[in-house]
Amino acid sequence: MTTSTHMVQLRDVGMQFEEKKVLDGLSIKVEPEERLVIMGQSGSGKSTILRLILGTLRPNSGSIFFKQFEMTRLPRRKLQQVRRHIGMVYQYSALLSSRNVRDNVALPLEELTDKSRSEIDKIVDEKLDLVGMKDSKELLPEELSGGMKKRVALARALVLEPELILLDEPSAGLDPVIASVIDELIISLSDNSKVTSITVTHEMESAFRIGTRMAMLYQGKIIEEAEREEFKQSKNPVVAQFLSGSTEGPILEGSLDAITKK
Amino acid sequence: MANANPPVLVAQGIGHLSRNFFREVGSVFWFIANTFEESLERIQQGRVPFRAASFFRHTQRAGVDSVPLVGLVSFFLGLTMALLTGYQLQRFGTERLIPGLVAIGFTRELGPLLTGIMLAARIGAAFTAELGTMQVSEEVESIEAMGIGPLRFLVAPRMLALFLLMPCLSTVSNIAAVFASSLICKAYFSIAFPYFLDLVKDSLLIRDIVTGILKSFLFGLLISAIACYRGLTVKGGAAGVGTSTTSSVVTAITTVIGFDTLYNVVYTTFYPT
């Protein structure tokens, strides 16, 4: 353990799935109350970073800290306790399909707190109201659209009042209005409730709306890390190509090299 | 190349299979141990490991809803067994052995075994498919991410339900088979119902009943553990769920029959009669 003041810290993290090296000595720090956005190509390992922070994946090398806790070394029981301070919104929402909206949001409260049914109902109503889903309490996940599912997933992630919230592509596949609503919600959370957030996305508009600091993940490493405006002006050729969406530049070259090697 | 040598290839194949087999056995063992550990940790914290409603939903599905299937199959088997053995025994004038034969056969052996096979197919497959679907749609991971232990939350109620329900269903199977054989005895071999009951009581030992019940508990635990383990280790989307479900049923049935044989070998070593 360490007496770190950072909310999250990844030190020299390496992660490999069978033959494929996903993260290669990745290091990054996240300060309390900041909104970090990690950008990168599809399949570059963005979601893996979130899973490593949560401790649902173990890295092959390096260490990961959430506050003073080293997630890679915590015993199961302690890890479960620490996870209660982290909320996670999955890319495909990951709501429990056999439970309705109310029961999905209430699950962490029912399982991890001693709150009464009426207290739980009050909190569930409050969180669903926050995401504009109060009228859909009785619906099953299969009856919801993608955007509605994502909002319910956000309500579920917030129900235990986490200090850190991890968002995996929060606005992917949503219409622009709902995407903005979700982005605004994430911003208001850190402004009002002092929640730190880490968002991974490749949606430019959403990324620059949410992020106070941006990072670019490329070939398993953070190659650029800067405040929002500074990041926009980055001279790094990979970042510049990614932000412009151009086909000319090192990103495609790298892919072509990889294809040729195979 | 030395690897192309057929005996070497066969030895490699056997080695590979053995290693996989022992790895699977070890994994299921640790899976059961971890489920116990996670549930006990929760109890130590002064909380129930899972909700009563969740447990009763599984007992309803695994137990009560399986009664017609178990009862009917055992009834037909009891009929057949009594009829076929009856004709053979009648040639020697010993048809009064039918009640004891069916009662002991089912209580000690066929009741738990048949119920085990039927539940492995009916409930084991359902558990694997259900948990497998949850696994591929990240539901299991989301439960884990919330700080909720998926083993005690998802596996423990299913395991306990099948563990407790198996002996009850075996008893249903025994009663159905004995009842069916009593009908055959009355219709074909002129053994009246009260006499039939006396013959059953004379031949059946408490030891037979206890051994059948112990076996049922064991089968319940094995089937649920294999089914849940296969479900939570699904890889490869919808196709993976299908493969795991098939594998779960095949493994559970084979394991039940294997353990039944092992149990009988151990049992007859200590009680040779």
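The model is a predicted one, in which local features need pLDDT of at least 70, side-chain atom pairs count only at pLDDT 80 or more, and totals for chains, interfaces and linings use all residues. Residues are numbered from 1 along each chain as its sequence is written, while chains are lettered from A and ligands numbered from 1 in the order in which they are written.

Chain B comes to nine helices and zero strands; here helices (H or I, at least four residues) and strands (E, at least two) are DSSP runs, numbered from the N terminus. Its C-alpha atoms fill a box of roughly 65 × 60 × 35 Å along the principal axes. Of its 273 residues, 42% count as buried, with 20 or more other C-beta atoms within 10 Å of a residue's own, these atoms being placed from the backbone. Two residues are in contact if their C-beta atoms, placed from the backbone, lie within 7 Å. Among contacts in chain B between residues at least 6 apart in sequence, 87% join residues at least 24 apart.

Now for one helix pair in chain B. Helix H4 (residues 98-136) of chain B packs against helix H7 (residues 193-203) of chain B at an angle of about 55 degrees, with the axes 8 Å apart. Axes are lines fitted to C-alpha atoms, for helices over the stretch in contact, and angles run from 0 to 180 degrees between N-to-C directions. That makes H4(B) oblique to H7(B), the label for whatever is left once angles under 35 degrees (roughly parallel), over 145 (roughly antiparallel) and 65 to 115 (roughly perpendicular) are taken out. On the H4(B) side, Pro99(B), Gly100(B), Ala103(B) and Ile104(B) meet Phe196(B), Leu199(B), Val200(B) and Ser203(B) of H7(B).

Over in chain A, four strands form an open antiparallel sheet in the order E2-E1-E4-E5; strands pair if DSSP finds at least two bridges between them. Strand E2 (20-30) and strand E5 (69-70) of chain A are at the edges with a single partner strand each, so one side of each has no neighbour in the sheet. Two bridges join strand E4 (residues 61-66) of chain A to E5(A), and Phe65(A) has Glu70(A) as its bridge partner.

Finally, the contact between the chains takes 16 residues from chain A and 13 residues from chain B. H2(A) gives the most to chain A's side, with four residues.

Technical notes: Buried ≥ 20, exposed ≤ 12 C-beta atoms within 10 Å, placed from the backbone.
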